[in-house]
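Welcome, and thanks for taking a look at this one with me. Please keep the sequence and the 3D view open side by side as you read.

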Amino acid sequence: MKSVKSERLELLANIASQLCDKQALKKIVLSKPDQTDVLKSVISPIMLSGEYSLQIETFSKDNKAFHHNLRENFEKELLSIFYDYSQINLISTLGECQFMRSKGGKESLIGEKKLINKLSGANVEKAELSGNNKEKNHILSGKEDFLKKLGISDETGRIRDKMQAKYRQINKFLEHIESIRDKLPENNINIYDLCCGKSYLSFAVYHYFKHILKKNIKMVCIDLKKDVIEYCNQVATRLGFVEMEFVCMDINKYEMKDKPHLVISLHACDIATDIVLDKASTNGAEVILSTPCCHHELNHSLNCPALDFVARHSMLRQKMCDALTDSLRLMKLEAQGYRVDALELIDPEDTPKNIMLRAIKKKNTSKAQLDELMRKYEDTKAFLLGTKE
Ligand SMILES: C[S@@+](CC[C@H](N)C(=O)[O-])C[C@H]1O[C@@H](n2cnc3c(N)ncnc32)[C@H](O)[C@@H]1O
């Protein structure tokens with residue numbers, strides 16, 4: 001944010017945020033940007049996973065469009081965007097308002113008083129949301145160069161039929177990353193993708209931070225498969241994604257050089273997810289986002305008579321073991337100082353492997369609390385494995 005404060009921009013951000021609260025905002029058009037490679041930005045309200053959000057579309061002078069979404073802290077986030085433009089037109093169901101800054105730095109705001117008056121009225125008409133168009137909701141539109149080079153979209157930007165599910169997965173994963181952005185450092189972010197495979201997600205995450213958010217990042221992606229890692233290295237070179245490193249190694253043996261801020265993992269098979277979570281938590285990752293793959297271990301080792309009424313039906317046994325495995329993983333992370341959630345990654349019709357485990361490092365948990373949580377975790381594990389004394 002700029003160091004010189006602008007009362008008019010602060011007021012405008014406040015009005016915009018109030019309009020969002022009443023869902024009366026139609027759009028905000030930002031022109032005359034400070035950045036010479038940007039043409040303009042348009043901010044429109046959309047629904048993302050049932051949540052009122054704002055989509056920011058930034059158009060560059062070379063005809064490219066970048067999207068990112070805001071889900072919360074509208075006033076603060078909008079204000080930091082507003083500072084980068086000299087003309088802002090806010091359009092709502094209650095009327096319009098315009099901010100202008102002259103070359104000499106003189107600022108004016110027109111139409112704000114009428115809007116403030118109308119905002120206090122009882123009946124505020126809601127604006128239509130542009131989020132009914134599913135394509136628009138996505139952080140990646142399909143037209144991005146790297147998606148074409150990876151074969152996810154064709155030359156026109158249309159998503160190839162075979163890649164539709166992968167495209168939706170990585171877009172949803174990016175939305176999850178977007179929702180934890182404020183838990184990461186403002187800049188110079190260290191990201192690890194453990195068990196990256198062909199790295200569609202890694203490339204998308206790199207693009208999101210580097211090209212959409214314009215952050216400095218260092219990204220390390222690790223997988224056991226030599227040919228896949230060689231291929232990813234070549235793709236990264238071709239794309240000019242220079243801050244990406246691909247390492248062929250067992251993640252168990254890998255020593256993280258930089259403190260991880262974000263650790264991601266998509267469909268690391270069976271116990272590989274447990275290795276991912278341990279590696280991330282013991283290295284003090286700020287945020288861990290992991291969508292596990294198939295689980296087998298607990299299904300083989302479950303020894304819990306109290307659950308036999310479920311376990312005797314093989315289909316239900318597998319589903320129960322899946323849920324128990326993920327719950328145990330979350331318990332362990334909690335005992336390592338994380339706030340945890342199990343979320344849905346994507347529509348279950350796309351893949352049954354759609355649970356996203358999210359862990360965010362807590363600032364102040366006492367050793368006694370953590371010890372108690374670890375005791376509960378060990379107790380629960382022993383209950384399920386039949387090793388409880
Ligand atoms: C199902 S693939 C998922 C790949 C990628 N994340 C994706 O979603 O497309 C699982 C990957 O985990 C890798 N993997 C499994 N165990 C591993 C380990 N211990 N260390 C490194 N990679 C591992 C495999 O080689 C494989 O590429």
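This is a predicted model: local features need pLDDT of at least 70, side-chain atom pairs count only at pLDDT 80 or more; totals for chains, interfaces and linings use all residues.

1. Helix H6 covers residues 164-179 and helix H7 covers residues 200-212. Their axes come within 10 Å and cross at roughly 45°, which makes H6 oblique to H7. The crossing of H6 past H7 is right-handed.

2. Which residues in H6 and H7 meet? From H6 come Lys166, Ile170, Phe173, Leu174, Ile177 and Glu178; on the H7 side you will find Tyr200, Leu201, Ala204, Val205, Tyr208 and Phe209. Sorted by class, this contact has ten nonpolar residues, two charged ones and no polar ones.

3. Next, have a look at the largest nonpolar core, which has 50 residues. The members that touch the most others are Ile177, Phe203, Phe209 and Leu262. H7 gives this core its largest share, nine residues.

4. Setting aside neighbours within four places in sequence, Phe203 is in contact with Phe146, Leu150, Lys198, Cys232, Val235, Ala236, Leu239, Phe241, Met244 and Phe246. There is also a second, separate core of 34 residues, with Leu9, Leu30, Tyr52 and Leu94 among its members.

5. Tyr52 sits in strand E3, residues 51-60. Is Tyr52 buried or exposed? Its relative accessible area is 12%, so Tyr52 is buried. Not counting residues up to four places away in sequence, Tyr52 touches Cys20, Gln23, Leu25, Pro45, Ile46, Met47, Arg71, Phe74 and Leu129. For a sense of distance, Tyr52 and Leu213 are 161 residues apart in sequence, and their C-alpha atoms are 21 Å apart in space.

6. Gln23 is not a glycine, yet its phi is positive, at about 55°. You will find Gln23 in the loop between helix H1 (7-21) and strand E1 (25-33).

7. Please check Ser199 as well. This residue, also other than glycine, has a positive phi, near 70°. Ser199 lies in the loop between strand E8 (189-194) and H7. With a relative accessibility of 2%, Ser199 counts as buried.

Note on methods:
Residues are numbered from 1 along each chain as its sequence is written. Side-chain values use heavy atoms; hydrogens and water are left out. Axes are lines fitted to C-alpha atoms, for helices over the stretch in contact, and angles run from 0 to 180 degrees between N-to-C directions. Helices (H or I, at least four residues) and strands (E, at least two) are DSSP runs, numbered from the N terminus. Angles under 35 degrees count as roughly parallel, over 145 as roughly antiparallel, 65 to 115 as roughly perpendicular and the rest as oblique. A crossing is left-handed if the near helix is turned anticlockwise from the far one by less than a right angle, and right-handed if clockwise. Contact means heavy atoms within 4.5 Å. Ala, Val, Leu, Ile, Met, Phe, Trp, Tyr, Cys and Pro count as nonpolar, Asp, Glu, Lys and Arg as charged, and the others, Gly among them, as polar. A nonpolar core is a set of buried Ala, Val, Leu, Ile, Met, Phe, Trp, Tyr and Cys residues joined through side-chain atoms within 4.5 Å. Buried means under 20% relative accessible area, exposed over 50%, partly exposed in between (1.4 Å probe, protein chains only).
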